[in-house]
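Okay, thanks for coming, everyone.

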Amino acid sequence: MMDNPMALAPDMDTSSPDDIVQSSLNFVRQHLGMEVAYLSEFVDDDLVFRAVDAPGFEDAVAVGKSMPLEQVYCRHILAGRLPELIPDTALEPFAQTIPLTHAVPIKSHISVPIRRRDGTPYGMFCCMSRAAAPSLNARDLEVMRAFANLSAEQINDTISVRSARDLLKTMIQQILDQEEFDVVLQPIMDISTGRPAGFEALCRFRAEPYRPPNLWFDDAHTVDLQADLEICVIESALGYLNHLPEGVYLSVNASPATVQTGRLNAVFADYPAERIVLEVTEHAEISDAERLMDELHLIRGRGVLLAIDDAGAGYSGLQQILSLQPDIIKLDMSLTTGVDTDVVRRSLASALVGFAKQTGAKIVAEGIETETELEVLSELGVPLGQGYLLGRPADLATAMALFETSEQKTA
């Protein structure tokens with residue numbers, strides 16, 4: 001036996017919390033010469049096996065299986081009726097009164113509590129065998145405690161992550177249930193006429209303190225509510241179509257993952273498809289390209305137009321253009337900003353305008369903030385523009401006022 005049991009820890013696989021717990025169980029079981037090692041969690045009145053190392057006993061002791069706490073040693077150890085270290089259960093009168101001792105049978109047993117950071121019991125770190133182990137001693141119990149503490153750290157980290165995730169999921173679900181967001185409209189202007197050709201629907205969350213919308217959508221993705229949140233926002237935005245003039249389109253945003261759910265086709269069913277633009281956002285890896293293409297084919301077959309943003313921002317954006325063949329290509333702000341002074345940006349923008357003409361797509365230049373940028377883009381043949389110079393995201397009344405302004409300018 002060793003004076004410092006933790007000296008053995010560096011030999012363990014520590015690539016993940018689950019690996020650490022499993023490695024701890026495996027090491028302790030072999031080190032003590034026991035048949036079964038497990039880590040359990042107390043769930044209501046049951047003991048649930050969360051990690052198991054028991055070669056040959058997989059049918060009897062398996063992850064996810066449970067037993068009533070009243071049948072096992074745990075409560076008695078916590079209450080002090082049984083010791084943590086039992087080399088021979090035959091020498092423990094109280095152990096002999098427990099039916100499980102004879103049913104298994106349990107001849108040797110060593111178990112220490114796993115506690116949450118608030119001190120409450122989480123479960124037990126346990127080893128047992130069907131043979132007595134008279135050589136088990138206090139040093140072995142210290143080994144057991146050392147590895148139980150190591151496992152407890154990983155478990156408590158997992159509990160903290162789980163608690164944070166549950167809280168976040170509750171927050172996102174509340175946003176969904178109460179629609180705690182506003183949809184604002186940013187105009188997409190016809191550069192030649194100065195009249196809105198369409199509007200991009202953008203989301204603004206009401207929760208305090210203010211956070212950029214992309215962070216809320218990232219959080220929704222973390223708790224598997226991304227599609228629900230995006231679709232909720234899209235459904236709210238589509239209601240604006242009844243208020244916008246005929247011929248003016250509405251652009252709504254969805255991630256590839258949300259498109260892949262197959263739910264958008266039904267969402268668009270009750271609206272004039274020819275006035276809807278689906279803007280595919282997010283450049284994370286597409287999990288199922290074939291499914292994405294199938295769903296986009298169905299949506300576009302209904303008449304909905306497809307837009308791809310961030311064109312010119314990098315290789316991934318160009319790859320999306322080539323693979324998805326969109327109806328609308330949105331020039332990234334990094335390309336339009338300074339297009340009036342940077343020959344490289346101007347050349348790239350010109351090339352994409354030419355590509356769009358060849359493929360029958362329309363170009364929307366995003367992020368236009370100066371008159372000279374607008375002039376150069378117009379000279380390059382960009383038909384549509386979006387940016388603070390042309391109009392900030394605003395409510396419906398402000399959006400509708402743009403039509404009156406454009407009519408006054410042309411009068």
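So, H5 passes H6 in a left-handed crossing, left-handed being when the near helix is turned anticlockwise from the far one by less than a right angle. Helices here are DSSP runs of H or I with at least four residues, strands are runs of E with at least two, and both are numbered from the N terminus. This is a predicted model, where local features need pLDDT of at least 70, side-chain atom pairs count only at pLDDT 80 or more, and totals for chains, interfaces and linings use all residues. Residues are numbered from 1 along each chain as its sequence is written, and side-chain values use heavy atoms, with hydrogens and water left out.

Back to that pair. H5 is residues 138-178, H6 is residues 213-222, and they pack at about 120° with their axes 9 Å apart. Axes are lines fitted to C-alpha atoms, for helices over the stretch in contact, and angles run from 0 to 180 degrees between N-to-C directions. That makes H5 and H6 oblique to each other; under 35 degrees would be roughly parallel, over 145 roughly antiparallel, 65 to 115 roughly perpendicular, and the rest is oblique.

Who touches whom? From H5 you get Arg165, Leu168, Met171, Ile172 and Ile175, and from H6 Trp216, Asp219, Ala220 and Thr222, contact meaning heavy atoms within 4.5 Å.

H6 has another partner, H7, residues 226-238: their axes come within 7 Å and cross at roughly 135°. H6 and H7 are therefore oblique to each other too. Trp216, Phe217, Ala220 and His221 of H6 meet Gln226, Leu229, Glu230 and Val233 of H7.

Now, the sheet. Six strands form an open antiparallel sheet, in the order S3-S2-S1-S6-S5-S4; two strands pair if DSSP finds at least two bridges between them. S3 (66-68) and S4 (85-86) are at the edges with a single partner strand each, so one side of each has no neighbour in the sheet. S5, residues 108-115, and S6, residues 121-129, pair over 8 bridges, and isoleucine 110 stands opposite cysteine 127 in S6. H5 comes back here: H5 lies across S1, S4, S5 and S6, at about 35° to S5.

Last stop, some parallel pairing. S12 (residues 328-331) and S13 (residues 362-365) run parallel, joined by 4 bridges. S13 also runs parallel to S14 (residues 384-385), with 2 bridges, and valine 364 has leucine 384 as its partner in S14.
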